[in-house]
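This report describes the fold of a single protein chain and then turns to several of its local features. The sequence and the structure are shown first.

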Amino acid sequence: MMAESRNNSNVVALLNNLLATLLLAALTALGIYVNINKIIVADVSSQGYKVANLDTTYWNVACTIIGTAVGLLTAVAFSNQDDHITRHELASGRGVVAMFLRPLTIMRGVEQVLRLQFAIKRTLLVLLTMVSALTSAAVVALFGIRAVTEEIVNPQASFPLAALNHTFFTMDKDGGVYGAGSPTLASQTSHLSGFLYKAAYITALKIKDDYNPYDVYTPYLPEQGQLVDTLYPAVNTGGVGLNMSSYLQYSGTPDGFNMPAKFEFSKLQASVFGTHVNVSCKNVTSAYTVTPADVDAPGVDVAMVGKPAGPNFTFLSIVGETPHLTLGSAITVDRKTGVPTHTIAVPSFFSSAFVLECTYSGQEYMADVSVVSAVSPLQIERETQSGPLIGPYVQQTLANVTHSLLALGGLGGNLARGFLDADYNAYGDNNTGMADAIETVIGQLGEAYFSVLRQHVERSNIYGAVQDNEASGTELHLFVEVQRLGGGQFGWLAIIGALLIGSLLGTLQICFRRSAVDFDAQDAVKLLQSSMQNQQINDTTRMRYGDGLLLTAATNMSQGSPLVQEVHRSEFSAKVNG
């Protein structure tokens, strides 16, 4: 009977420790895997990231349950090891300390320390049992889904103007590559017309000293606003054109710059190219004359503004209507230098005209920029390096873009409309400060053009001619919050590893250590059987304490309450104190 009991105890202990070892080994291997590999919770796969489509709540609850179950199993396995050590010491000549006849618990471990019982194996088992209480926390930390901040680096985020003359490429969601085209050939009119109105309106109000958000009589238009895909803090964009929409959300399969398919934007820091644009306008009114013209059109007045070498402007007005602000625009190019001159004429009641000749200049530069949240504008922190001056070809491009916007509708486009709505020089007869206003607005328009141009290619999912990071000199750091599977600190993995070593050593010990008594030494019922020499005692026998530990029996259940009968008094009975 005792041999059978011992064998059963050994089998149970071996199975418990073996199962705990296998489970802990699996958790250790998986923990290493999820720490090395970034697994993002998303429903769309993305290049560069392993993806798992999981429900966060259910998964974390499952991790808690699994961790708790493994922790309990491990604690039982360590208790089996302690029992095996006790039976082994009982079989030795030295014997066992009496307190170790109790099963391994945290309480017994504390008493073991208080009584200075520091046997190495038992002390380690106490520590491991305490550590097993952290199994659930370790499993959740290693395998649970949690929000983490991921830093993603784009080594080729921005490009100089020289690179924008080449063809860029982009990918579709299926990995197909196609040309994005040369952005300098794309029309920017639809994007810049609204910007021109905003710049003209705000500039005019500032000149009048009426730009005030608290003025109830003048509609307020904030400087901060969206230009195509990027939010800017002011009308001056600085020619910076990082396409923020492509970084705020997943933009398809990229090449060389991998973004997770699902994330929350945290912040962005980058070094990018920008282009300053300066416009200088000279008053040349004295060189121009205003000449009425006769036309075969009743009810229409016509005036010619020009000079012998040109350019010449023709303005029409309906007879009887008060003329409002109108702008004429013309571009001439020096055949030797290629430098353009942009002439702008402002007629006044068809009797006089104010004429400006404007030239363009500018310079590339590099700057550190940042975006601190998904709803924050792109801020230029500081300019870090000056670049080349813009040449005649770029100057002509700027002049042509501006001319196309001013010629829109033949009245000066949204530049005139913005001045009119701000009630600035509404009739073209008060041109004080007009040159400064036009210089400011057209300069802002030029920088906005470069911003829109760059947004066309400075996206997260495009690559172009500049393949060397050192050649472009730019780099972008994107910080996003993703739901990651696992990825806890290796300290949590160390907890699982320590439990694994403990259970593995216990398994080997139970397998190869045979010298142990045929007696369940830490079973209180078995101890009672042995000490009271009564094999009738079992797990359901009732006991009480009188002058000593007494065995009772229910002999008469018909009386409504059991009669207690003393059967045997233990040789180890003790008196009740007091």
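In which loop is the place of proline 311? Proline 311 lies in the loop between strand E10 (300-306) and strand E11 (313-318).

## Basis of the report

The model is predicted: local features need pLDDT of at least 70 and side-chain atom pairs count only at pLDDT 80 or more, whereas totals for chains, interfaces and linings use all residues. Residues are numbered from 1 along each chain as its sequence is written, and side-chain values use heavy atoms, with hydrogens and water left out.

## The chain as a whole

The chain has 13 helices and 19 strands. These elements are DSSP runs numbered from the N terminus (helices H or I, at least four residues; strands E, at least two).

Of the 578 residues in the chain, 46% are buried. Buried means under 20% relative accessible area, exposed over 50%, and partly exposed in between (1.4 Å probe, protein chains only). The accessible surface of the chain is about 28,900 Å², and carbon and sulfur atoms hold 56% of this surface; the areas come from the Shrake-Rupley method with a 1.4 Å probe, and for residues only the protein chains shown count as cover. Among contacts in the chain with a separation of 6 or more, 69% are between residues 24 or more positions apart, where contact means heavy atoms within 4.5 Å.

## The cis peptide bond at proline 311

Glycine 310 and proline 311 are joined by a cis peptide bond, with omega about 5°. Proline 311 counts as buried because its relative accessibility is 13%.

Beyond its neighbours within four places in sequence, proline 311 is in contact with Tyr288, Val305, Gly306, Ala330, Thr332 and Thr343. Threonine 343 is 32 residues from proline 311 in sequence, and the two are 7.8 Å apart in space, C-alpha to C-alpha.

The buried residues of helix H9 (residues 413-421) are Gly413, Leu415, Ala416, Gly418, Phe419 and Leu420. Just after H9, aspartate 423 takes a positive phi of about 55°, although aspartate 423 is not a glycine.

Aspartate 423 is in the loop between H9 and helix H10 (434-455), and asparagine 425 is also found in the loop between H9 and H10. Asparagine 425, a residue other than glycine, has a positive phi near 50°.

The axes of helix H5 (residues 135-143) and helix H12 (residues 490-512) come within 9 Å and cross at roughly 130°. H5 is therefore oblique to H12. Axes are lines fitted to C-alpha atoms, for helices over the stretch in contact, and angles run from 0 to 180 degrees between N-to-C directions; angles under 35 degrees count as roughly parallel, over 145 as roughly antiparallel, 65 to 115 as roughly perpendicular and the rest as oblique. The contact involves Thr135, Ala137, Ala138, Ala141 and Leu142 of H5 and Trp492, Leu493, Ile495, Ile496 and Leu499 of H12.

The axes of helix H8 (residues 392-406) and H10 come within 10 Å and cross at roughly 110°, so H8 is roughly perpendicular to H10. Val394, Thr397, Leu398, Val401, Thr402 and Leu405 in H8 meet Ile442, Leu445, Gly446, Tyr449 and Phe450 in H10.
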